[in-house]
Amino acid sequence: MSPGFLLIRHARAAGQAPDAPLTEEGQRAAQNLIVQLGHRNITRIVSSPWVRAVDTARPLAEALGLSLETDGRLTERVLSGQDLPHWQTALKASFAVPALKLPGGESGKAARSRGLAALHDAQQRDGLSAVFTHGNLLALLLGLDYEGWAGLRNPDVWQFSLDGQASRIPLE
Ligand SMILES: O=C(O)[C@@H](CO)OP(=O)(O)O
């Protein structure tokens, strides 16, 4: 059986667009992941291709001498194709009703399913796979509710296994 995953939400970023970069604080936090996580048995690194996720993963990948793979199934879940004035209410509803699909958006159920497929393909027999992704998808993978999502930080790191066990790894 695979030892499982470290699921990591990217460090603080300057925006929500796919090309939004990390802030300076975010860059420092990404560097800090080297000392926070470098001693764990990470043998593979897979990231969402969006800039803020890749740039969070890169320092750790370089420090460990691992290649940085990307997987489009780890990109953020888009809640709606339109700007929603009450997006928190919509997001709360989507956590409560996983099949809920807003126009131009992706249901929580569909997002979770492609995220799990990416994890399935990222797993290693002999070590942890560090998987860098985004807040909403991370919450869906972990099985958190709206309040759990709201409590996530940037970055946030969780140990996770495909049988559903999840525990947060505190960062210093
Ligand atoms: O907060 C989140 O859940 C998402 C929203 O798209 O963003 P991020 O990529 O910043 O985690």
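**Notes on the model**

1. By class, the lining of the largest pocket has nine nonpolar, ten polar and six charged residues, with Gly counted as polar and Asp, Glu, Lys and Arg as charged.

2. This is a predicted model, in which local features need pLDDT of at least 70 and side-chain atom pairs count only at pLDDT 80 or more, while totals for chains, interfaces and linings use all residues. Residues are numbered from 1 along each chain, and side-chain values use heavy atoms, without hydrogens and water.

3. Helix 4 (residues 108-122) packs against helix 5 (residues 135-142) at an angle of about 80 degrees, with the axes 9 Å apart. The two helices are therefore roughly perpendicular to each other, a term for angles of 65 to 115 degrees. Their contact (heavy atoms within 4.5 Å) includes Leu116 and Leu119 of helix 4 and Leu137, Leu140 and Leu141 of helix 5.

4. Of the two aromatic pairs found in the whole structure, one joins tryptophan 87 and tryptophan 149 edge-to-face, at 6.1 Å centre to centre and 85 degrees between the planes. Rings pair if their centres lie within 6.5 Å, and planes over 60 degrees apart count as edge-to-face. Tryptophan 87 lies in helix 3 and tryptophan 149 in helix 6 (residues 146-150), so the pair ties together parts 62 residues apart in sequence.

Technical notes. Axes fitted to C-alpha atoms, helices over the stretch in contact; angles between N-to-C directions. Helix = DSSP H or I, 4+ residues; strand = E, 2+ residues; numbered from the N terminus. Parallel < 35°, antiparallel > 145°, perpendicular 65-115°, else oblique. Phe/Tyr/Trp six-rings, centres within 6.5 Å; stacked < 30°, edge-to-face > 60°.
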